[in-house]
Amino acid sequence: MTGTPVPDTALREDGARRDAADERSLRRGLWSMAFTELWERYSFYGLQGILSFYLLYKVADGGLALDPAVASGIVGAYGGAVYLSQILGSWLGDRLVSPRDMVLYGAVVITAGHVVLAFAAGVTGLAAGLVCIVLGTGALKTNITSIVGFVLDQHPDERYRDAGFTYFYMAINIGAVVGPLTTGLAQNELGFHYGFGLAAIGMAGALVQYLLSMKHLPARAHTVNNPLPAGRRPLAALVAVGFLAVVGGAVGAGLLRAENLSTVVTVAALVAAAVYFLTMTTSKAVSRDERRRVLGYLPLFLASGIYFGFLFQKFTAISILITERIDLHIGGWTFPVAWITTVSPLAAVLITPLIARLWTRLGERQPGPVTKVAIGLTQIGCAYLFLLVLSEATGNAQIPLFLILVFMAAAGSSEVFVGPIGLSLATRIGPSTFRSQMVGLNFLTLALGSSLAGLLGQLFTAIDNASYFTITAVCGIGIGLALIATRKPLGRLLNAGLES
């Protein structure tokens, strides 16, 4: 005996309810990760917003009074090492520990690093705190991005992907705005270590947010994608111990110094990227189409690394410019220096909803990823062209605060055309057996950019302003135009095997 047939309308209504529930679940997962990342970025950029000035300021003003070239090297190397460590984090998240647990462990270690910076004074406290943050961020960043990719994989509409990552990137930039605003004010009014303390509180917030959201993560976040065979684990441990011994020996022998840290990290980032590209393009587990997509990503990787080198100069060359040529006094009040660099991510936050809506509305008519990155490079090149004109027009006089804020807004808003597109590409085009490591390769653009910014900051101290800003402007605009000219063949490579 059969039951009473269910009306078609009832089936449709039940399906609509399930679809709505799935949509709510997807949005909850996306926003949970976004808010975790927001607080982590709050702490990271809250620290980075005042770190350069902590190194540059006189001891009487609470700083360490380091030489500008040395300070640029340290800041650039620190930023590069933060992203370089994500190679290890992505590998561990693929082979040994689930992405969910890697994010948790990373959050705990980062929190400890910020607490050390808040309470330990001098170069020793600085070194210990920064090392903890480097290691913890390496564990957290690529794995939380992979989890976002897992969440968005559940959405049937591929066009939702770029928009979803753009909103995730907006959360990153909100943290990058609010962090320096608050830590910069605390540093300005109370001192550097109060600013470091606020960054520690922000990271504690990220940890709490993540603990509350862990139960809502997709099943793929709980599993190791490509487990390392048990027999190879002792070898991996031996390699790790050997690496630490080499680093310790280099420091002890004086081969690794503050002055050359950025150079070392830049070379390490390039070598690591070369190893990644060779591994993925020669692996038997990678198909022909996957190999073509990885090769198509290579020019974008290099262009993005250079782009972030220009963007992150706000922590090196531009920070030096601020301390030397910007009048921060407004009446009887001093404008917090960290607030100047905050304008960059603030501009990106404000423009992000408009750009995300534009990509969604254009749908298949939106420009491809190559063109988007080209727009970002061209825009930041034009921003440095503006700074060149500004620097020449003022001569040796001080530059008005308002005009440097305009430059920061122009440079910062270009990030929306590069950062989220790289994240989206990495989770979309990566070989199936190297998905998390493809995200790690994408973050190497930030490692390369950060260490390159350190080298550029050292160059800034060695040549005149006009020559320096001319180099950055010409390179940015020139590389952007070159990408536009090659967008079609690169686009075909990036879409190999993915087009319907």
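User: Let's start with L47. Is L47 buried or exposed?
Analyst: This is a predicted model, and in it L47 is buried, because its relative accessible area is 1% and anything under 20% counts as buried.

User: Where does L47 sit?
Analyst: You'll find L47 in helix 1, which covers residues 8-56.

User: And what does L47 touch?
Analyst: Leaving out residues up to four places away in sequence, L47 touches Y78, H114, L117, L130, I133, F196 and A199. There's also T183: along the chain L47 and T183 are 136 residues apart, but their C-alpha atoms are separated by 7.3 Å.

User: New topic: how much space lies in the largest pocket?
Analyst: About 2,200 Å³. The largest pocket is lined by 48 residues, and the closest to its centre are L84, S85, L88, F243 and V247.

User: Which helix gives the largest share of that lining?
Analyst: Helix 2 does, with eleven residues. Helices that each supply at least two lining residues include helix 4 (122-153), helix 7 (233-252) and helix 8 (261-282).

User: What's the lining like by class?
Analyst: It has 41 nonpolar residues, four polar and three charged.

User: Last one, S391. Where does S391 lie, and what does S391 touch?
Analyst: S391 lies in helix 12, residues 369-394. Its contacts, not counting residues up to four places away in sequence, are R325, N465 and F469.

User: Why does S391 count as buried?
Analyst: Because its relative accessibility is 5%, and the cut-off for buried is under 20%.

Key. Residues are numbered from 1 along each chain as its sequence is written. This is a predicted model: local features need pLDDT of at least 70, side-chain atom pairs count only at pLDDT 80 or more; totals for chains, interfaces and linings use all residues. Side-chain values use heavy atoms; hydrogens and water are left out. Helices (H or I, at least four residues) and strands (E, at least two) are DSSP runs, numbered from the N terminus. Buried means under 20% relative accessible area, exposed over 50%, partly exposed in between (1.4 Å probe, protein chains only). Contact means heavy atoms within 4.5 Å. On a 1 Å grid over the protein atoms alone, a cavity is a set of points where a 1.4 Å probe fits but cannot get out, and a pocket is an open set with protein on both sides within 12 Å along at least five of seven lines; lining residues have an atom within 4 Å of a point. Grid points are joined across faces, edges and corners, and a volume is the space filled by probe spheres set on the points. Ala, Val, Leu, Ile, Met, Phe, Trp, Tyr, Cys and Pro count as nonpolar, Asp, Glu, Lys and Arg as charged, and the others, Gly among them, as polar.
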